[in-house]
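Here is a guided walk through one protein chain. Keep the sequence and the 3D view side by side as you read.

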Amino acid sequence: MTALNQHFVNARDPQSPLDIVPVGGRIGAEIRGVALSGDLDDATIAAIRAAVVRHKVVFFRDQDTLDDARQEGFAERFGKPVAHPTVPVASGSKYLLELDSREGYAAASWHTDVTFVDAYPEASILRAITIPEAGGDTLWANGVTAYEELPDALKTLVDGLWALHTNAYDYAATFSGVSRAQLDQHRNVFASTVYETEHPVVRVHPESGERALLVGHFVKQFVGLNGQDSQRLFAILQDHITRPENTVRWRWRAGDVAIWDNRSTQHRAIADFGLQRRTLRRATIAGDVPIAIDGTRSRVIKPEPAPLLEAAE
């Protein structure tokens with residue numbers, strides 16, 4: 001048994017003023033007794049931010065009064081909200097992204113949000129609106145504990161390794177059973193501008209100092225490796241990240257909110273809900289450019305991307 005497994009790595013911070021109940025042994029916690037809004041005091045906002053960094057993803061039940069405006073108000077207190085670089089915002093909102101899944105489709109592949117740009121988001125705030133009676137759960141995985149448990153030989157390899165991330169990935173190969181309309185949507189909207197960015201495979205977290213594996217489905221290839229070797233290594237690293245022991249699964253109810261640290265996690269939806277409707281809206285918080293172990297920063301390959309759009313005042 002490794003040192004990592006000998007203690008409870010997802011323990012609640014005894015100094016936190018929040019009522020926090022860990023969900024998984026390595027990732028995820030529910031925060032109780034807080035009604036999210038833009039009116040929360042600074043101390044509560046700071047405590048929620050600290051809990052997100054510590055537990056990687058936090059959950060709030062029964063946030064039934066949280067509509068689009070209140071979600072935006074909370075996001076503006078939590079950080080600096082930004083719109084998605086290619087996908088239009090949800091109708092009537094300033095910067096919320098709508099995830100409206102019909103006929104069993106969802107983002108059912110492991111990823112970290114928007115890593116095809118250099119300063120990809122630091123966090124996401126996801127609110128459940130319409131949830132299937134059964135199915136449609138979301139999984140999150142801890143990139144920090146995944147890195148910590150790598151064999152020394154793999155750590156030596158990835159500590160200096162870089163990967164090319166792009167939004168022009170093979171969508172049909174990544175998501176099985178997609179329709180022609182979904183393929184067209186991906187090409188004409190999501191990949192309307194093609195971004196490519198090189199990121200370190202091991203990112204140093206700017207707040208905690210922890211080292212986390214940074215891969216996910218936006219990875220096109222590892223720098224210096226050919227396509228076949230990249231695929232083999234990608235599978236090895238993803239297997240380490242997404243081991244069941246390293247994940248948490250959340251069963252949504254309408255009114256739930258999840259906030260995750262996009263700098264240290266991956267996530268995926270589970271597309272097992274058939275013809276049921278699944279609708280959520282996400283606020284995204286601006287991040288900074290990742291830093292490798294040696295202090296080198298991520299670099300844009302193409303094109304020189306415009307900054308993620310700030311929310312309108």
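**From a buried serine to the sheets**

Serine 16 sits in the segment before strand 1 (19–22). The model is a predicted one. Is serine 16 buried or exposed? Its relative accessibility is 14%, and the cut-off for buried is under 20%, so serine 16 counts as buried. The side chain of serine 16 has a polar atom 3.2 Å from the backbone nitrogen of leucine 18.

Now step back to the whole chain. It holds seven helices and 17 strands. Of its 313 residues, 52% count as buried. Serine 16 is one of the buried residues. Next, take the contacts between residues at least 6 apart in sequence. Of these, 81% join residues at least 24 apart.

Aspartate 62 and aspartate 256 are 194 residues apart in sequence, yet their C-alpha atoms are 5.6 Å apart in space. How accessible is aspartate 62? Its relative accessibility is 47%, between the 20% and 50% cut-offs, so aspartate 62 counts as partly exposed.

Turn to a pair of helices. Two packed helices are described by the angle between their axes and the distance between the axes. Helix 4 covers residues 152–159, and helix 7 covers residues 227–241. Their axes come within 13 Å and cross at roughly 115°. The crossing of helix 4 with helix 7 is left-handed. Which residues meet there? Helix 4 brings Leu154, Leu157 and Val158. Helix 7 brings Leu233, Ile236, Leu237 and His240. By class, this contact has six nonpolar residues, one polar residue and no charged ones.

The sheets come next. Strands of a sheet pair through backbone hydrogen bonds, either parallel or antiparallel. Glutamate 198 has arginine 299, in strand 17, as its bridge partner.

Another open sheet has three strands in the order 13-7-15. Here, too, the pairing is antiparallel. Strand 13 (247–250) and strand 15 (265–269) stand at the edges. Each has a single partner strand, so one side of each lacks a neighbour in the sheet. The twist in this sheet averages 20° from one strand to the next. Strand 7 (residues 138–142) pairs with strand 13 over four bridges, in the antiparallel sense. Within that pairing, leucine 139 stands opposite arginine 249 of strand 13.

How values were computed: Residues are numbered from 1 along each chain as its sequence is written. This is a predicted model: local features need pLDDT of at least 70, side-chain atom pairs count only at pLDDT 80 or more; totals for chains, interfaces and linings use all residues. Side-chain values use heavy atoms; hydrogens and water are left out. Helices (H or I, at least four residues) and strands (E, at least two) are DSSP runs, numbered from the N terminus. Buried means under 20% relative accessible area, exposed over 50%, partly exposed in between (1.4 Å probe, protein chains only). A polar contact is a pair of N or O atoms within 3.5 Å; within protein, one must be able to donate a hydrogen and the other to accept it, and residues adjacent in sequence count only if both atoms are side-chain atoms. Axes are lines fitted to C-alpha atoms, for helices over the stretch in contact, and angles run from 0 to 180 degrees between N-to-C directions. A crossing is left-handed if the near helix is turned anticlockwise from the far one by less than a right angle, and right-handed if clockwise. Contact means heavy atoms within 4.5 Å. Ala, Val, Leu, Ile, Met, Phe, Trp, Tyr, Cys and Pro count as nonpolar, Asp, Glu, Lys and Arg as charged, and the others, Gly among them, as polar. Two strands pair if DSSP finds at least two bridges between them.
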